[in-house]
Every structure is written in structure tokens, then in C-alpha cells.
Amino acid sequence: MNTIELEDGGTLLFDEAFLTKDLADRYFTELRDNCQWEQKLGIFGHMQPRLIASYGDAGISYRYSGMDYAALPWTAKLLEIKNKIEAVQGEYNYCLLNRYRSGSDSMGWHADDEPEMGNVIGSLSLGATRKFRIRHNETRETKTFLANHGSLIIMAGTMQQFWQHEVPKTKQVVGERINLTFRKILGDTK
Ligand SMILES: O=C(O)CCC(=O)C(=O)O
Ligand SMILES: [Fe+2]
């Protein structure tokens, strides 16, 4: 487990071997086959280049790229994963899953800095290894992490205020990747 102290009070924890390969394999298959995946419309009227699904406590919905996502009720597997991540850090009531079908699926530079969102985000990666990059808003300093099968990244402190992150497209032939970001939606979410 690696804890990186970022400038301006952000921290990024990276555990390359958070889950055993066996368990990561099982979660990948289970989530791929059983989550309610959908492709959403993004900004400028284009479909987002990935599939998403979202789960959480009753009554939770999450505003993202100008749209509201109502959370489906937790499944037993997702609660099991949530408990494991909470044992490391954080307390979560919502999970956004992203499914990157190939190297041409991606997520552009952004920060998860909505005011109603807690500052601790737990991000579990399953399946193909993809680059997870972070970039400081002012200095443009960039760091790259290889988010491999079964790895955990926890973003905390002031990271969302001072850094953005992305999962870039790649021309390499890569298999599917599923990423789960556990979050805490605060206050009145209706
Ligand atoms: O897929 C990832 O590793 C990042 C996902 C992400 O940044 C998000 O869902 O906000
Ligand atoms: Fe994000």
C-alpha cells in the first residue's frame, strides 16, 4: 500500500494488490453479468464512451455531467466490496460503476468536486489494466498510475479541489475494465 501526499493537502492511496486475483476475477464476472449497465448521453449530445451503473442507499441520486442518476438498491456483492474498502478508509452511501469495453472507452479530465459530495472516494479497478492519470490544476504536474485488476485507489483530502483525473483512451488492444467509485453523497439528495 502506497500513500502519496499531494501538494495542497490532497492524498492518494494506491494499493496494487487490494484483492487477490481469484476474488477480483469473481467480482469482475459477477458485476459484468449482473449490473444494470446503460450508456448515457454525455455533454454535446454524444453518448458517453463507456457504460455506467449506479447503486446506493435508498433515496440517493447523484448529479453528474448535468444529469441525475437514481441509485439502484445495493446488491450483496456491492455491499461486500463496500465493507472491504470502508475497512481501509471512508464511509460510503453510493457507488458509480464505469465499464470500459475496450481501449476506445475512456473518461476525460474532471474532478469529482460537487459540493454535495464527500471528499473521500474509494475506487476499485477490475479487469484490464488502464492508465489513471492525475494533473494539478495550476502547475499541470501529471502523475500516472497503472490501475490493475484488483487495485484500490482512494482519493482524499483536498485532491478534488486541486487535481483532475482521467482514464485516457489507448490504441493498444485491451480487454474490458470495470471501475467502481464509492462515494458519500451528503445532505438532502432529493
Ligand atoms: O475509471 C476510473 O478509474 C475513474 C472513474 C472516475 O473518475 C469517476 O467515476 O469519476
Ligand atoms: Fe472521477
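Two strands count as paired when DSSP finds at least two bridges between them, and the strands themselves, like the helices, are DSSP runs numbered from the N terminus (at least two residues of type E for a strand, at least four of type H or I for a helix). With that in hand, take A53: its bridge partner in β7 is L97. The structure is a predicted model, where local features need pLDDT of at least 70, side-chain atom pairs count only at pLDDT 80 or more, and totals for chains, interfaces and linings use all residues. Residues are numbered from 1 along each chain as its sequence is written, while chains are lettered from A and ligands numbered from 1 in the order in which they are written.

The sheet comes next. Strands of a sheet pair through backbone hydrogen bonds, either parallel or antiparallel. Strand β7 runs antiparallel to β3, with 6 bridges joining the two; among the bridge partners, L51 goes with R99 in β7. Strand β7 also runs antiparallel to β14, this time through 7 bridges, and Y94 has R183 as its bridge partner in β14.

So how much of β7 is tucked away? A residue is called buried if 20 or more other C-beta atoms lie within 10 Å of its own, exposed if 12 or fewer, and partly exposed in between, with C-beta atoms placed from the backbone. Because 7 of the 7 residues of β7 are buried, the strand is largely enclosed by the rest of the structure. In a regular strand the side chains alternate between the two faces of the sheet. In β7, Y94, L96, N98 and Y100 point one way, and C95, L97 and R99 point the other.

Leaving out residues up to four places away in sequence, L97 touches L31, C35, I52, A53, S54, I178 and L180. S54, in strand β3 (residues 51-56), is buried because 22 C-beta neighbours lie inside 10 Å. Its C-alpha atom is 7.3 Å from that of A70, 16 residues apart along the chain.

Then there is ligand 1, surrounded by L96, N98, M107, D112, S123, F132, A147, H165, V167, N179 and T181 (a residue is near a molecule if its C-beta atom, placed from the backbone, lies within 6 Å of it). The elements giving two or more residues to this shell are β7, β13 (163-167) and β14 (177-183). The shell divides into 5 nonpolar, 5 polar and 1 charged, where Ala, Val, Leu, Ile, Met, Phe, Trp, Tyr, Cys and Pro count as nonpolar, Asp, Glu, Lys and Arg as charged, and the others, Gly among them, as polar.

Finally, an unreviewed UniProt entry annotates N98, Y100, H110, H165, R177, T181 and R183 as "binding site"; such annotations may be inferred rather than shown by experiment, feature names are shortened, and positions follow the numbering used here.

Technical notes: Two residues are in contact if their C-beta atoms, placed from the backbone, lie within 7 Å.
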